[in-house]
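Hi everyone, thanks for coming.

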Amino acid sequence: MMFLFIGASEIFFILLIVLLFFGADSIPEIARGLGRGIYEIRRATQDIKNEITKSAQEVIEKEEIAEQAETIRKLKDEIEGTISRKR
């Protein structure tokens, strides 16, 4: 996503600087490190998304349970009212 704002000439220039600064032997190692870093960032982002989704689902379930409890309370009150009127 970062590369959307970088053109081919800028990427070539950056690669040339990396080659001159680190040498050709260390470029594969640097690329592996970057790959691992990107993988870990994506995994962490997915974990965060999963936790948010899980928390939101728990909130929705609690609201549904509260609504059901309120419905049961209303039915109980209606039944108690009917029973007390018949006495």
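Okay, let's start with three residues: Glu40, Arg43 and Asp47 are joined up in a network of salt bridges. By salt bridge I mean a side-chain nitrogen of Lys or Arg within 4 Å of a carboxyl oxygen of Asp or Glu.

Quick housekeeping before we go on. This is a predicted model, where local features need pLDDT of at least 70 and side-chain atom pairs count only at pLDDT 80 or more, while totals for chains, interfaces and linings use all residues. Residues are numbered from 1 along each chain as its sequence is written, and side-chain values use heavy atoms, with hydrogens and water left out.

Glu40 and Arg43 meet through their side chains at 2.8 Å, N to O. Arg43 also bridges to Asp47, at 3.9 Å, N to O.

So where do these partners sit along the chain? Glu40 and Arg43 are three residues apart in helix H2, so about one helical turn separates them. Arg43 and Asp47 are four residues apart in H2, again about one helical turn. Helices here are DSSP runs of H or I with at least four residues, numbered from the N terminus.

For the cut-offs, buried is under 20% relative accessible area, exposed is over 50%, and partly exposed is in between (1.4 Å probe, protein chains only).

How many salt bridges does the whole structure have? The search finds five. Another of them pairs Arg73 with Glu70, with the closest N and O atoms 2.6 Å apart. These two are three residues apart in H2, so they're separated by about one helical turn. Arg73 is partly exposed at 42%, and Glu70 is partly exposed too, at 34%.

Now for the patches. A patch is made of residues with over 30% relative accessible area and no salt bridge, joining like charges within 9 Å, or nonpolar side chains (Val, Leu, Ile, Met, Phe, Trp, Tyr) within 5 Å. The areas come from the Shrake-Rupley method with a 1.4 Å probe, and for residues only the protein chains shown count as cover.

There's a negative patch made of Glu51, Glu58, Glu61, Glu63, Glu64 and Glu67. Asp and Glu count as negative, Lys and Arg as positive, and His and the chain ends aren't counted. The charge is placed at CD for Glu, CG for Asp, NZ for Lys and CZ for Arg. Take Glu64: you'll find it in helix H2, residues 27-86, and it's partly exposed at 43%.

The nonpolar patch covers about 1,000 Å², and its members include Phe12, Ile14, Leu20 and Ile27. Which helix gives the most to the nonpolar patch? That's H1, residues 8-22, with nine residues. Ile14 is in H1, and at 45% it's partly exposed. Finally, just after H1, Gly23 takes a positive phi of about 95°.
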